[in-house]
Amino acid sequence: MKKSQLIDQLVKEMDEFADETNNKQKTEIARETVNLFFNSVKEAVRNGDRVEIRGFGSFTVKQYDAYVGRNPKTGDKVQVQPKKLPVFRPGRELRDMVNRSVPKKKKK
Amino acid sequence: MTRIKEDIIRDVMNRITLDRKYAKNLVETILKIMKNSLEQSEEVMISGFGHFKVRRKNPRMGRNPKTKESYEISERTVVTFYPSKVFRKELNS
């Protein structure tokens, strides 16, 4: 599922609660909300804050020190600068949801 | 400081719709759609943010470091988040 499909699906489900009936208006609101949602998470993480969404999961920042890594293709040594990476930890509800569903064999 | 769902709902309220109930419905529905997609083992890709992937993990042996007891970690399905290049860059600029 891509972002555009998430927006399309949101527009469909908005029939249940939206005041607007105009599809164009609904699409506009859905698009803005989806963008704002992810920007809100990014903004908090950039500020070094933690984001916690009950049932879905939490986002935190992890700081990595500099290290000497290797280019896996050539084997050359490379100096890796210190960096920050966002880390996502799924919430209980999401963890249970994916575990409950019938596991699919991994495509080869 | 921790940002929670309520803060995101307030953002939506202030910037998109003034109705709290409407904003809450929008945010909850976004989360529901993503969770349902992942439940179906379908990956969620958000450009500029990252993607959430569902991965099967094989059973493996684990060990309790305290008691040194071995036990099997059962086969499981997990959600992994891969941040996009844009997100990683923004975080380090």
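Which residue of strand 1 of chain B does Glu52(A) stand opposite? Keep that in mind as you go through these views of a predicted model.

**View 1. Two strands, one from each chain, run side by side.** Here strand 1 of chain A, residues 50-53, pairs with strand 1 of chain B. The pairing is in the parallel sense and has 3 bridges. Look for Glu52(A): the residue standing opposite is Ile4(B), in strand 1 of chain B.

**View 2. Chain B and chain A meet at an interface.** On the chain B side, 48 residues are in contact, and they touch 52 residues of chain A. How much area do the two chains bury between them? It's about 5,000 Å², with 67% of that on carbon and sulfur atoms.

**View 3. Glu93(A) reaches across to Lys35(B) in a salt bridge.** The closest N and O atoms of this pair are 3.1 Å apart. Between chain B and chain A, the count comes to 5 salt bridges. There are also 17 residue pairs in polar contact across the interface, both residues being at pLDDT 80 or more.

**View 4. Several elements of chain B build the side that touches chain A.** Among those supplying at least two residues each are strand 1 (2-4), helix 1 (5-15), strand 3 (50-57) and helix 3 (85-92). Which helix of chain B gives the most? That's helix 2, with 15 residues. Sort the residues on this side of chain B by kind and you get 24 nonpolar, 11 polar and 13 charged.

Notes
Residues are numbered from 1 along each chain as its sequence is written. Chains are lettered from A and ligands numbered from 1 in the order in which they are written. This is a predicted model: local features need pLDDT of at least 70, side-chain atom pairs count only at pLDDT 80 or more; totals for chains, interfaces and linings use all residues. Side-chain values use heavy atoms; hydrogens and water are left out. Contact means heavy atoms within 4.5 Å. Buried area is the accessible area (1.4 Å probe) that two parts lose on being put together, summed over both. A salt bridge is a side-chain nitrogen of Lys or Arg within 4 Å of a carboxyl oxygen of Asp or Glu. A polar contact is a pair of N or O atoms within 3.5 Å; within protein, one must be able to donate a hydrogen and the other to accept it, and residues adjacent in sequence count only if both atoms are side-chain atoms. Helices (H or I, at least four residues) and strands (E, at least two) are DSSP runs, numbered from the N terminus. Ala, Val, Leu, Ile, Met, Phe, Trp, Tyr, Cys and Pro count as nonpolar, Asp, Glu, Lys and Arg as charged, and the others, Gly among them, as polar. Two strands pair if DSSP finds at least two bridges between them.
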